[in-house]
Amino acid sequence: MRNLFRFAVSVFVLGMTQCVIPSLAADPGTNGRELRLWYSQPANPSKWEQALPLGNGRLGSMVFGGVETETIIYNEDSLWSGWYEPDNDRKGSYKALQKIRELLRSKGSLKQVNRIAMEDFCSLYGYGKPDFGAYQTFCNAQLQFDHKPDSTSNYHRDLDLNRAVATVNYTADGASYRREYFCSYPDQVMVIRLSCSKAGKINFDLSATSLHKNTRITITDNQLVLSGQVETGNTDGRKNPEGTRFEARWLVKAEGGKVQSRQDSQTLEVRGADAVTIVMTGATNYKLEYPSYKGPAPDERNQRILEQVKTKSYDQLLASHIRDYQHLFQRVDLDLGRPSRQELPTDQRLRAYKKSREDRGLEALLFQYGRYLMIASSRPGGLPANLQGLWNKTNRPPWNCDYHLNINLQMNYWPVDSCNLSECAEPLIQWTSDLVHPGSKTARIHYDARGWVAHHSCNVWGFTSPGPRRGIHMLEAESGAFLCQNIWDHYAFTQDTEYLKNTAWPILKGAAEFWLDNLQEVEGGYLAVSPSYSPEHGPLSDGAYYQTMIVWDLFTNCIQAAQILKTDAALVEQLKATRKRIQPLRIGKHGQLQEWRDLALEQKVRTDKHRHVSHMYAVYPGKQIIPGRDDALTQAVIQSMKYRGDGATGWSMGWKINIWARLLDGDHALTLVHNLIAGKLFDNLWDAHPPFQIDGNFGYTAGVAEMLVQSHAGFVRLLPALPKAWSTGSFRGLRARGDFEIDLQWKNGRPTKGTIRSLAGKPLRLKVDTAPQVRCGGNPVNTTNESGIIVFATRHGASYELVFP
C-alpha cells in the first residue's frame, strides 16, 4: 500500500507542473464554523447517542460533557470476546451441499432443504456461539468535579469536524472552565485538556471502571492503570482458550496544584491546578494474523507510547493531531448553497429539519460527518470499521458489532475513495487479505472447491464458515465476492498497480476460482448460484439474481485486472466464457427487475416494502446495468425501486440514495436524503437502524458524492444527479476512477467552471451536458467528442481547467 506516498508525490508534482490551476471551491476551513455539532446541554448519561464520538482508528471514545460528572466510554478496536476455532468447518458437509442442490434442482421440499442446510451443512461452532465472540466495550473513565449543574451557566458542548476536537465550556463561581478532547493517530493517545480563567481552580477525581469481571486497577505516581482479560468460560464440556488481554493507562500532568493517589478509592485526585492534561492509551494482545491472532502483551505497547509522549506539551500533541487529521479531512470541501441553520444547536436543528427539510448546510454537514467518522474509525494499522464503527458501550452489542457481509461492511467503505480518503481503506483490505486463509479452508471443506469463500457474518478470528445461528441466510456464500467489489474499486480509483498485483489480485483470483467451481447449471443451460438467498428476504432457492449479479461483477473485474497485469490468460478466457452463461437478468410481468428466477416468488412485488434491495446490486455498487446503455433494464429497476418505496431503516435509505443517483434522478435521491435526516438520525447525527448502525452514515456520504460525480461506466460524469434544490454550489477534492481529483462550481443547475487533476496521467473521458473549453496552464487542450463524451490525454500531475459556456 502506498497511498500516503502517492499523495505526497502528487502534491509535489502538482506544485512543479506548468498546468497548476487554483482550487475553485472554498479554501480548507472556510466553512469551518458550519462544520460543527454543538449543543447547549450535556448528553444524557443514559442516552449515549447524544454523546460525541472521537477516534484515531484504533482508540475511540464517547464524550458526554457532564458538569458534575464527566463520563467517557473508551473503545479499542481489537477487544473482542471469542477465539479462533480450528473446527469451525464441518467435515463431510460437502455431501450435504450436494443433497441441497439436488433437492433445489428437482423442486423438492423446501422444508427438507432447510433442515439439511441447518443440521448437516452449517458449522457447529461460530455465529451465536462463544467462539465467534462479540466486540467489547473497553473501559470507562469518570472525572468527578465540584461543580453542580444548577450553579453553572453559559454551557456549550461541540465537536469541531475541521479539527476533530470536542470541547466543553461553562461558567461556575465567576470562572470560565474549558475542556478539550481529541484522539491522536500519530501519538496513539486520547488527550483531555482542562483549563480555567482563574488560577488554582481545577479540582477533580479521576477513576476508571470496566464491565469485564476479570480486571484490576493499580496507581503509580501520576498514572492510573486498568488491566484485564475477557472471559471465555467453559462450554460444550471443553476448556476454552484464554480470552483477550487488555490494558488502559491514564497519565495525569498538572500545571500548578498537586496530584495525589488514593489507593482506597482507586482514584487520582487533582487539587488546586491551573491546567491539567490527561493522556490515555490502551491496547490488547490481539494481532491480525491467522491462525493465532495473538500479539505482544498490551502493557509493552502502552509503556512505549506513554514514554514517547510524556515529555510532549499539550500544544505539541494538539498540533501533531490536527496536522495529521487535516491532511485527510481538508482534501474535500462541499457547499450545497443555502439556507443553513448553523445558528441552532444540532438537536434543535434536526427537529427544525423534520418540519421544513430546508437546511442545505445540514445536508453538507452530514456528508462531512461521514468522512469524519471514517477517519475516526478506520486508519492504517487497525481493524475495519464494524457495525458501529469503533464505538460500543456494552459487551453484548447488537449483532455482536461484527462484520455483516451482505451489505453492511461493504457500505461502510463505499465513500473512502470517492471522498478522497483512500488511506482509510487499508484496514478493510488487510483484514480481507487475512480472511483468504481461513476462507480457503472453508472452500475446501464445505464446497470441495478451490479459492476462498466467506459467508454472512465474520469476526476478527477468521470465521468464514456458514452458520450456524439465525437461519439459512447464513449460507450467503457470495459474501466474499461482494467484498471483492470494494477491493477492486480501490484500484479503480487509485490506479495503484503495485497494490493490484501484490494485494488485490490474489484476493480477486481466489474468489473467482471458487465461483468457477460452484456455479450450477439450471434450466436453459444457464449458470446460477445454488443454494442462493436474497438477503434477509428469502427463500433458499437456486435462482436469486443478487448472487449472480455479484459473480458477474467479480468476473468482469477479474478479467480487467488480469489484462492490466498481463497475467493468467487462460483464466481470463475461462472467466469470459463462464460469464456469458450466467443467468441473464429478467423483467417481470409487473415491469420490475426480477429478484428471483422463479416467477412464483414475484407475486407480491407491487406491495413488498422490504428494506433490502439486494437485486439492485447490478446498478449500485455494481455496473451491470447502466442508464443510457441498458434502457429496458433501467426502467425495470426504476419500477422496482418505486414498488419498494422511500421508507426503510437508516442503512437502507443510504443505499437507496446511491441507487437513485446511479439512475440519474437527483430529486428522488434528495427525497431519500430528506427522509434519512428527518427520520433516521440520533441527536449526535449517528444513523439509526434503529439501533445505531454506522453504515447509514457512510452510505449517505457515498450517496452525496455519487450525486455529484460518477465514474463507473467508463467515463467521468459531472453533476449526474443534481437535485433542483442544490441549484447552486461547489465542491473541491472529490475523486473519480482513473485517479482524477475534481473541483467544480455550478449555478442554476449548470456547471460554470472546474478543475480536474490527473494523478496517474491516464486519458480522461468526460461526459457533461454542455462541452467546456479545456485548458492546461492557460493553453487549449486538444479534445475529441465521441458521442457526447469529451476525450483528451492527460499528463501525470497536471491540472486541467474546464470553462463552461
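**View 1. Contacts of lysine 201 in the predicted model.** In this predicted model, lysine 201 touches Asp173, Ala175, Tyr177, Cys196 and Ala273, residues up to four places away in sequence not being counted. The loop that holds lysine 201 runs between strand S9 (189-196) and strand S10 (202-209). With a relative accessible area of 28%, lysine 201 is classed as partly exposed, because that class lies between the limits of 20% and 50%. Threonine 464 is 263 residues away from lysine 201 along the chain, and the C-alpha atoms of the two are separated by 56 Å.

**View 2. Lysine 441 in helix H10.** Helix H10 spans residues 426-447 and includes lysine 441. The relative accessible area of lysine 441 is 18%, so this residue is buried, the cut-off for that class being under 20%. When neighbours within four places in sequence are left aside, the contacts of lysine 441 are Tyr84, Pro86, Asp89 and Tyr290. Between the C-alpha atoms of lysine 441 and isoleucine 472 the separation is 21 Å, for residues 31 apart along the chain.

**View 3. Crossing of helices H5 and H7.** Helix H5 comprises residues 314-329 and helix H7 residues 360-377; their axes come within 10 Å and cross at roughly 130°. H5 is therefore oblique to H7, since angles from 65 to 115 degrees count as roughly perpendicular and those over 145 as roughly antiparallel. The crossing of the two helices is right-handed. On the H5 side, Tyr325, Leu328 and Phe329 take part in the contact, and they meet Gln368, Arg371, Tyr372 and Ile375 of H7. Sorted by class, the residues in this contact are five nonpolar, one polar and one charged.

**View 4. Five-stranded open sheet.** The strands of this open sheet follow the order S24-S25-S29-S33-S32, and their pairing is mixed. Strand S24 (709-710) and strand S32 (784-786) form the edges, each pairing on one side only. Within the sheet, strand S29 (residues 764-767) pairs with strand S33 (residues 789-792) in the antiparallel sense, over four bridges. The bridge partner of arginine 765 is valine 791, located in S33.

Terms used: Residues are numbered from 1 along each chain as its sequence is written. This is a predicted model: local features need pLDDT of at least 70, side-chain atom pairs count only at pLDDT 80 or more; totals for chains, interfaces and linings use all residues. Side-chain values use heavy atoms; hydrogens and water are left out. Two strands pair if DSSP finds at least two bridges between them. Axes are lines fitted to C-alpha atoms, for helices over the stretch in contact, and angles run from 0 to 180 degrees between N-to-C directions. Angles under 35 degrees count as roughly parallel, over 145 as roughly antiparallel, 65 to 115 as roughly perpendicular and the rest as oblique. A crossing is left-handed if the near helix is turned anticlockwise from the far one by less than a right angle, and right-handed if clockwise. Contact means heavy atoms within 4.5 Å. Ala, Val, Leu, Ile, Met, Phe, Trp, Tyr, Cys and Pro count as nonpolar, Asp, Glu, Lys and Arg as charged, and the others, Gly among them, as polar. Buried means under 20% relative accessible area, exposed over 50%, partly exposed in between (1.4 Å probe, protein chains only).
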